[in-house]
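Q: I would like to learn how to read a structure feature by feature. Can we go through one together?

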Amino acid sequence: MADRITTAQRSKLMGRIRRSDTKPELVIRRMLHGLGYRFRVQLKGVPGRPDLAFTRRRKIIQVHGCFWHFHEGCPSARMPTTRTEFWAAKFARNRERDRRLEEDATEAGWQSLIVWECELKDIGRLQVKLADFLGPARL
Ligand SMILES: [Zn+2]
């Protein structure tokens with residue numbers, strides 16, 4: 001068998017595929033592409049270099065990890081039980097930064113939407129949310 005690869009090679013390959021497939025931002029990008037939306041990634045000149053920018057619609061989407069951005073009321077946003085003060089300060093800084101960037105974007109005329117990582121658990125519902133925000137796929 002000529003096309004045989006070693007177990008180590010295979011698991012390395014699979015590990016890479018799995019990781020990139022489940023990264024929330026990539027999942028959302030692929031989904032939106034599939035729905036016919038076109039967008040720019042980390043567009044310079046927009047406050048916060050948003051994950052996704054829909055320039056003609058003047059809308060942006062930020063994909064937030066529930067832990068790092070401390071998604072309120074979400075089970076993934078748990079305060080670590082050690083070094084609590086350090087984490088509390090860090091989460092507060094992240095949230096403050098998110099809030100400020102959203103304000104800056106709004107002032108610059110961009111409408112923004114935050115998609116939380118946990119929303120990927122219900123793809124159907126997320127699609128509705130995205131379509132509601134973006135409007136029809138082709139403009
Ligand atoms: Zn969440």
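Q: Over which ring does the charged end of R83 sit?
A: First, what is on show: this is a predicted model, in which local features need pLDDT of at least 70, side-chain atom pairs count only at pLDDT 80 or more, and totals for chains, interfaces and linings use all residues. Residues are numbered from 1 along each chain as its sequence is written, and side-chain values use heavy atoms, with hydrogens and water left out. A charge sits over a ring if NZ of Lys or CZ of Arg is within 6 Å of the ring centre and within 35 degrees of the ring normal. The charged end of R83 sits over the ring of F86, 4.2 Å from its centre. Likewise, the charged end of K59 lies over the ring of F133, at 5.3 Å from the centre.

Q: How many aromatic pairs does a search of the whole structure find?
A: Rings of Phe, Tyr and Trp (its six-membered ring) pair if their centres lie within 6.5 Å; planes under 30 degrees apart count as stacked, over 60 as edge-to-face and the rest as tilted. The search finds nine aromatic pairs. In one of them, F67 and W68 have ring centres 5.2 Å apart and planes at 80°, so this pair is edge-to-face. The rings of W68 and W87 have centres 5.8 Å apart and planes at 50°, so that pair is tilted. W68 is in the loop between β3 (59-64) and α3 (84-107), and W87 is in helix α3, so the pair ties together parts 19 residues apart in sequence. Here helices (H or I, at least four residues) and strands (E, at least two) are DSSP runs, numbered from the N terminus. Ring pairs link F67, W68, F70, F86, W87 and F91 into a cluster.

Q: Is W87 buried or exposed?
A: Buried means under 20% relative accessible area, exposed over 50%, and partly exposed in between (1.4 Å probe, protein chains only). W87, at 17%, counts as buried. W68 is partly exposed at 41%, and F67 is partly exposed at 26%.

Q: Which residues coordinate the zinc ion?
A: Donors are N, O and S atoms within 2.8 Å of the metal (3.2 Å for Na, K and Ca); water is not among the atoms, so sites may look incomplete. The zinc ion is coordinated by C66 (SG), H71 (ND1), C74 (SG) and C118 (SG), at 2.1 to 2.4 Å. C74 is in the loop between β3 and α3 and C118 in the loop between β4 (111-116) and α4 (123-134), so this pair links distant parts of the chain, 44 residues apart. Both C74 and C118 are buried.

Q: Which way do the side chains of β3 point?
A: In a regular strand the side chains alternate between the two faces of the sheet. K59, I61 and V63 point one way from β3, while I60, Q62 and H64 point the other way, and all are buried.

Q: How many bridges join β3 to β4?
A: Two strands pair if DSSP finds at least two bridges between them. Six bridges join β3 to β4, and these strands run parallel. K59 stands opposite Q111 in β4. Three bridges join β2 (residues 52-54) to β3, and these run antiparallel.
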